[in-house]
Amino acid sequence: MSLQATTRPPAQRQARAVRLGPRSVAALALVSAVGVAGFGWPFLAPPTSRLSAHAQDAPWLFAGVLVLLVAVVGAAISESGLGPKAVAMLGVLAATGAALRPIGAGTAGIEPMFFLMVLSGRVLGPGFGFVLGSVTMFASALLTGGVGPWLPFQMLAMGWFAMGAGLLPGPDRLRGRAELAMLAGYGFLAAFAYGTVMNMAGWPFMSALASNVAFDPHAPVAANLARFVAYCLATSLGWDLGRAVVTVVLTLTLGPAVLRALRRATRRAAFETPVTFDAAEK
């Protein structure tokens with residue numbers, strides 16, 4: 001009597017995203033909710049609230065909480081889906097993204113790491129994408145010396161950026177030019193969204209007396225929203241446009257090769273493919 005391992009032939013297997021369990025989904029929802037509060041507290045607190053008197057303190061509190069929650073999310077996802085093979089791929093992709101980030105540093109919008117996050121989130125799923133985006137941003141901060149109170153916000157925003165690519169429709173059916181067009185369109189819009197979200201992390205620290213686009217804790221929500229839009233247009237529109245264009249160009253040119261490589265690696269790793277053994281007589 002002998003045991004023979006039987007698996008589906010590689011050509012018949014599809015690249016499957018890393019699956020999320022209930023705990024991971026709940027943890028992702030929790031950290032995202034706290035993140036929304038951390039980014040959007042100037043709009044969430046009414047003008048007469050006592051929180052407005054401590055406008056300079058609130059982001060620091062949220063930053064500390066975000067670090068802990070991102071760690072919790074990473075642990076929960078690792079328990080539900082990230083085995084040794086997936087962790088190895090996570091390390092390789094995070095290191096690649098961290099190495100890509102310094103390219104073009106100081107040049108408006110040349111940030112090639114964003115297109116890699118889009119493609120990785122697309123192939124490996126929203127949960128893996130969230131962890132990859134957060135870990136990549138943390139690793140790149142260590143590499144470039146960019147560690148500071150803004151880092152938790154960058155980790156969360158990049159996690160959302162990559163997670164959104166994993167939530168796009170048709171992961172098992174949509175291929176070819178249609179998929180590339182969808183990913184390029186998502187990358188273009190999400191690049192602006194990333195810049196806008198990150199603006200919210202630093203905007204409240206501007207003194208209202210220094211500029212008419214700064215956050216004013218005594219102003220109503222509508223007035224602060226108008227100030228924030230003016231702040232984004234005046235300070236980051238050019239950078240966000242460059243990031244969006246670079247993401248689109250790299251997705252359309254390098255996307256097919258990178259997608260094939262990621263899907264081939266995912267099929268070979270077979271993160272969640274069980275190996276069964278059939279009894280066979282000699």
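Analyst: Buried here means under 20% relative accessible area, exposed means over 50%, and partly exposed lies in between, with a 1.4 Å probe and protein chains only. On that scale Phe161 is buried, and Tyr186 is buried as well. The model is predicted, so to speak of local features a pLDDT of at least 70 is needed, side-chain atom pairs count only at pLDDT 80 or more, and totals for chains, interfaces and linings use all residues. Residues are numbered from 1 along each chain as its sequence is written, and side-chain values use heavy atoms, without hydrogens or water.

The structure holds 5 aromatic pairs (ring centres of Phe, Tyr or the six-membered ring of Trp within 6.5 Å; planes under 30 degrees apart are stacked, over 60 edge-to-face, the rest tilted). In one of them, the ring centres of Phe114 and Phe161 lie 5.1 Å apart with their planes at 90 degrees, and the pair is therefore edge-to-face. Because Phe114 belongs to helix H4 (residues 113–124) and Phe161 to helix H6 (residues 151–166), this pair ties together parts that are 47 residues apart in sequence; helices are DSSP runs of H or I with at least four residues, strands are E runs with at least two, and both are numbered from the N terminus. Phe114 counts as buried at 1% relative accessibility, and Phe161 is buried with a relative accessible area of 4%. Phe161 also pairs with Tyr186 in a tilted arrangement, 6.0 Å centre to centre and 45 degrees between the planes. Since Phe161 lies in helix H6 and Tyr186 in helix H7, that pair ties together parts 25 residues apart in sequence. Phe114, Phe161 and Tyr186, together with Tyr194, form one aromatic cluster.

Turning to charge, the count comes to 4 salt bridges (a side-chain nitrogen of Lys or Arg within 4 Å of a carboxyl oxygen of Asp or Glu). Arg263 counts as buried at 10% relative accessibility, and Glu179 counts as buried at 2%.

Another salt bridge joins Glu111 to Arg243, with their closest N and O atoms 2.7 Å apart. Here too distant parts of the chain are linked, as Glu111 sits in the loop between helix H3 (84–100) and H4, while Arg243 is in helix H9, 132 residues apart. Glu111 counts as buried at 13% relative accessibility, and Arg243 is buried at 4%. Arg243 has a further partner in Asp240, with the closest N and O atoms 2.8 Å apart; Asp240 and Arg243 both lie in helix H9, 3 residues apart, about one turn of the helix. Through these shared partners, Glu111, Asp240 and Arg243 are joined into one network.

Helices H7 and H9 meet the surface as well. Phe188, Leu189, Leu241, Val245 and Val249 form a nonpolar patch there, with about 420 Å² of accessible area together (Shrake-Rupley method, 1.4 Å probe; Val, Leu, Ile, Met, Phe, Trp or Tyr side chains within 5 Å, each residue with over 30% relative accessible area and no salt bridge). Helix H7 (176–202) and helix H9 (237–269) are the elements that give two or more residues to the patch, and H9 supplies the largest share, 3 residues. Phe188, in helix H7, is partly exposed, with a relative accessible area of 32%.

Definitions and conventions:
Patches are made of residues with over 30% relative accessible area and no salt bridge: like charges are joined within 9 Å, nonpolar side chains (Val, Leu, Ile, Met, Phe, Trp, Tyr) within 5 Å.
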